[in-house]
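Visitor: Please put the model on screen. I have some questions about how the chain is built.

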Amino acid sequence: MDLDDEFNHLDLSGVDGRSESRRRICDGCGRPENVCLCGSLPSEPISTATQIVILHHPHEHRHKLSTVPILTKSLLNTHTIVGRRLRRGSSPLLDSLHSSSSSDQSPRAIYLFPGPTSTHLSQLNPNPGTVLILFDATWKHAKEMVDASAEYLSSFAIRACLDCDFGETGGNIFDSELILRKEPFLGCVSTMEAAARALQSLEPNGPEIETRLLKVLRDMVRFQASHLKPMKPRPKLLKKGKPKQEFE
């Protein structure tokens, strides 16, 4: 989900339409009025048995392309924590799971992050009301957040992933109606799409919830894509004495 390479050479002036300090923000969705999503959001936040906890990296918290604000406006049972790791004191809900013991073999919490040690979500049989933990950051930062939180999560949560092909490079905003950013592997998705795909498996009416959330995400991506203007590559300045090269 790293934007650095993908958007360094994009003209984002069309997204704002005016200076940052003067643009008008919609009171309903919190987005600039020219990309307002109020017409796409559910009339009432969707209620789920699944509780969703999102660890939101501080850098991502300030990013205009983050899907978390729209996700929390679409779902009722979401809890957002701004930080770099989960530990005691981060969340009363997670602390209650950490402190309690259970002989139940079903996981009480699931945290999503792709990797060879992750269990495919389709292979799990969680109970209703399972806590779903999501990490929202660039892929580099998200891995650091997962590693830093692993010891705390190990007593009550299992690491899982959606279907993902680690042998193929992921897409970008110009390849798919659902992708906002460059992804490292085929099948890696935004936080909002991950929540939608996971709830499809975790909720009794999961397919309906998935469809409603993905419609909101499609509209968001369409609005953003229509305002992004690719810029010509700029020559890369190298050390003195070496010829200039262009970004690929």
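Guide: The chain exposes about 13400 Å², by the Shrake-Rupley method with a 1.4 Å probe, where for residues only the protein chains shown count as cover. Carbon and sulfur atoms supply 49% of that area. This is a predicted model: local features need pLDDT of at least 70, side-chain atom pairs count only at pLDDT 80 or more, and totals for chains, interfaces and linings use all residues. Residues are numbered from 1 along each chain as its sequence is written, and side-chain values use heavy atoms, with hydrogens and water left out.

Visitor: What is the mean pLDDT of the chain?

Guide: pLDDT is the predictor's confidence in each residue, from 0 to 100. In this chain, 68% of residues reach 70 or more. The mean is 77.

Visitor: Over which residues does pLDDT stay under 50, with 51 contacts in the model beyond four places in sequence?

Guide: Contact means heavy atoms within 4.5 Å. Where pLDDT is low, the predicted coordinates should not be read in detail. The stretch with those 51 contacts is residues 1-21.

Visitor: What is the strand order of the open sheet?

Guide: Helices (H or I, at least four residues) and strands (E, at least two) are DSSP runs, numbered from the N terminus. Two strands pair if DSSP finds at least two bridges between them. The open sheet has six strands with parallel pairing, in the order S3-S2-S6-S4-S7-S5.

Visitor: Which strands stand at the edges?

Guide: Each edge strand has a single partner, so one side of each is left without a neighbour in the sheet. The edge strands are S3 (78-82) and S5 (119-120).

Visitor: Which residue in S7 is the bridge partner of leucine 112?

Guide: Strand S4 (residues 109-112) and strand S7 (residues 157-161) pair in the parallel sense over four bridges. The partner of leucine 112 is alanine 160.

Visitor: What angle does the direction of helix H6 make with that of S6?

Guide: Helix H6 (residues 139-153) packs on the sheet, touching S2, S4, S6 and S7. Axes are lines fitted to C-alpha atoms, for helices over the stretch in contact; angles run from 0 to 180 degrees between N-to-C directions. For H6 and S6 the angle is about 155°.

Visitor: How does serine 201 count: buried, partly exposed or exposed?

Guide: Serine 201 lies in helix H7. Buried means under 20% relative accessible area, exposed over 50%, partly exposed in between (1.4 Å probe, protein chains only). At 43% relative accessibility, serine 201 counts as partly exposed.
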